[in-house]
Amino acid sequence: MSTGKSIDWQHMASKLPVDDSKDSKEKRKMLFKLMDFNANGLLSLAEIDKGVRDVLDCENLFDAKPAIMRAYQASKNSRTGAKNNSDYVEPGEFKLLLIWLRQYFEFMVMFRKIDTGHDNRLDFGEFQAAMPMLRKWGCHEQDAQKAFKMMDRNGGGQVLFDEFASWAIQYKLDLEDDVDFDYQQAIRDGGYESHRGYAKHRNGGQRNGKVNRETEEPAFRPNRKPNANAKSAMRVSDPHKFF
């Protein structure tokens with residue numbers, strides 16, 4: 001995955017419509033339908049992964065598997081009153097999915113810039129060397145060791161992407177060379193601020209599902225049929241109102 005300079009941020013923004021304009025709402029309806037390969041009104045992790053490449057046409061994002069996993073985890077079951085409560089993103093959570101795909105990809109670009117050892121983890125030496133960059137992105141912590149300990153939640157001496165992303169959310173880090181995007185405002189505008197997914201990831205997140213600890217990539221599973229309650233919920237709801 002590119003570390004930033006060759007990324008067409010404007011192109012990515014056009015592929016991830018997250019504002020409340022009528023045009024963006026129509027685009028989200030169309031994107032959800034196209035990504036719903038099983039045509040069951042719900043998106044699985046495998047469908048999201050495939051849709052990022054085949055529907056959104058975002059190769060850089062497709063190569064950032066930890067960002068896709070984090071966006072998926074932050075979005076599913078986030079809508080108050082969600083019926084599915086399992087492994088799927090509902091129509092009412094799709095806008096939030098797009099917001100988090102954009103933001104976690106930006107965090108992934110930062111992570112790769114710092115990870116000079118290219119081993120999908122950060123040690124203190126890499127982090128300390130990157131402090132000038134981190135300050136440009138919005139980290140005003142002067143004590144590098146203190147900041148690293150904040151990220152290294154298990155005290156193992158190495159930081160994986162999910163730990164870095166949780167820390168980056170707290171500091172509101174922002175790349176200097178991307179298209180400006182206030183994801184927290186987008187979350188508030190979408191009415192997601194009090195929802196479970198936002199609160200969970202804003203406060204440090206949690207790791208769930210099977211993940212390869214060497215690469216932190218999701219262990220994709222074949223699509224499973226939604227349970228009967230989830231299907232029933234989709235039938236009685238008007239999916240268009242959620243976009």
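A salt bridge here is a side-chain nitrogen of Lys or Arg within 4 Å of a carboxyl oxygen of Asp or Glu. By this rule, the predicted model has eight salt bridges. Local features need pLDDT of at least 70, side-chain atom pairs count only at pLDDT 80 or more, and totals for chains, interfaces and linings use all residues. Residues are numbered from 1 along each chain as its sequence is written, and side-chain values use heavy atoms, with hydrogens and water left out.

**View 1. D20 and K95 pair up across the chain.** Their salt bridge has an N to O distance of 2.5 Å. D20 sits in the loop between α1 (9-15) and α2 (22-35), while K95 belongs to helix α6 (residues 94-114), 75 residues apart. Helices are DSSP runs (H or I, at least four residues), numbered from the N terminus. K95 counts as buried because its relative accessibility is 5%, whereas D20, at 39%, is partly exposed. Buried means under 20% relative accessible area, exposed over 50%, and partly exposed in between (1.4 Å probe, protein chains only).

**View 2. R153 meets D162 in another salt bridge.** The closest N and O atoms lie 3.9 Å apart.

**View 3. K50, R53 and D54 make one network.** What joins them is salt bridges that share partners.

Notes. Helices (H or I, at least four residues) and strands (E, at least two) are DSSP runs, numbered from the N terminus.
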